[in-house]
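Here is a short report on strand order and helix packing. Look over the sequence and the fold, then read on.

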Amino acid sequence: EHGLNGQLKEICPGVPVLMISASLSPTASQTAMQLGAQGIIHKPFDVHELRHQVDQAVAAAEKPRVDAILNKETAPRFDLLHCATTSRPYRDMLQKAKDAARDGRHIFLRGETGVGKELIARQIHHWSARGREPFICVRATDWQPGEQGLKLFGTAGMRDGHRPGTFSEAVFDLAEGGTVYLDRVDLLQPEIIRELGQILRNASFRRTDSPRPIPTAIRLIFSSPSREVYDEFMGTEKMSDLCALIDVPAMRERSEDIPALADYLLHELRQTIGAQALQFSNQSLERLKSYHWPGNLRELRNVIERAMVLYSSAKELDEHCLPMDMLSPDGAELTEGLETVVSRFEADLILKHLRETKGNVAEAARRLATTPRKLQYRINRLKLPIGDA
């Protein structure tokens with residue numbers, strides 16, 4: 001019984017186990033619970049009691065998976081991917097992603113930081129036949145190197161004093177039949193990368209303390225700024241039939257989309273922040289289009305959010321609402337004088353603290369390491385209405 005229960009917990013750790021026994025010995029009951037049983041039913045048993053315990057055990061076992069399915073419903077909306085996209089490279093990328101989503105292959109997303117790879121991964125899951133199953137996002141930066149395998153694959157049995165089944169909420173158990181998105185796969189340990197290659201080749205994985213392969217029907221979506229890990233997966237085999245490589249264009253490669261993206265983000269953030277801005281000026285849009293965007297879509301969102309926070313009462317976001325480093329996107333000298341640039345920086349800093357303190361000049365002065373009188377003088381000199389904070 002011990003061996004059978006151990007094998008079951010290794011292969012399917014999420015399957016609940018109820019022990020039926022004629023023994024009333026406390027030792028037997030304790031041993032069964034240590035082996036991972038969720039309940040003990042003594043003979044002779046009442047069928048209603050058995051049914052009740054089975055229902056409870058199944059509900060408890062399904063809860064983590066149900067939570068994983070429900071959590072994906074809180075994922076970001078996909079409108080940002082499609083809002084008036086006129087860029088040919090980006091449209092081609094989306095079509096390639098849609099084709100890969102439907103043909104069942106694993107997918108490797110290559111793109112710079114901030115281009116929206118997670119959003120694309122969620123869209124691929126939504127397009128696929130797995131759309132109603134769990135989508136679990138795993139960021140390599142969230143875990144210490146020593147716990148990566150344990151969090152992903154779980155353990156087969158006794159480990160560090162834990163009983164079998166303790167790690168049944170490992171990612172690969174919760175996502176069975178669904179999609180696991182691995183962000184920055186290049187930061188995973190080499191042995192984890194090798195195990196992921198095993199999954200691509202054989203549709204099976206191994207727990208951290210067991211050589212036994214366990215079949216899996218999970219789709220993997222990897223992402224990385226470079227293709228080195230993809231090439232490692234390829235090895236000497238033709239892995240392209242198993243894993244599609246999709247390049248996600250950087251923002252500088254789709255500058256024609258920036259006005260539509262900026263407008264979408266402005267209206268998305270407007271209610272959240274409580275700002276009044278309805279549009280960008282033509283000058284500010286030109287600045288946004290000509291900027292090189294090293295942080296890509298994530299940086300665009302941050303820039304717009306900053307402008308709306310600092311200038312929440314403005315009806316239109318002009319170029320003076322943008323960060324100073326965007327005034328010279330190609331690295332040329334600033335066309336404005338030093339005093340103008342310094343005053344803008346000073347105004348941005350003061351408005352930020354006034355907004356955070358809800359217009360409390362004394363508290364803002366304390367945070368800025370000055371006196372309320374001096375801060376009020378600067379507010380008056382810069383003609384900053386406190387209402388704008």
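## The sheet

An open sheet is built from 5 strands, ordered β4-β5-β8-β3-β9, with parallel pairing. Strands (E, at least two residues) and helices (H or I, at least four) are DSSP runs, numbered from the N terminus. Two strands pair if DSSP finds at least two bridges between them. β4 (135–139) and β9 (243–247) are the edge strands, each with a single partner, so one side of each lacks a neighbour in the sheet. On average, neighbouring strands are turned by 15 degrees against each other, direction ignored.

β4 runs parallel to β5 (residues 179–183), joined by 5 bridges. Ile-136 stands opposite Val-180 in β5.

## A helix on the sheet

Helix α9 (residues 190–202) packs on this sheet. α9 touches β3 (106–110), β5, β8 (219–224) and β9. Contact means heavy atoms within 4.5 Å. The direction of α9 makes about 135 degrees with that of β8. Angles run from 0 to 180 degrees between N-to-C directions; axes are lines fitted to C-alpha atoms, for helices over the stretch in contact.

## Two crossing helices

The axes of α11 (residues 258–273) and α12 (residues 282–290) come within 9 Å and cross at roughly 115 degrees. Ile-258, Pro-259 and Ala-262 of α11 meet Leu-285, Leu-288 and Lys-289 of α12.

## Basis

This is a predicted model: local features need pLDDT of at least 70, side-chain atom pairs count only at pLDDT 80 or more, and totals for chains, interfaces and linings use all residues. Residues are numbered from 1 along each chain as its sequence is written, and side-chain values use heavy atoms, leaving out hydrogens and water.
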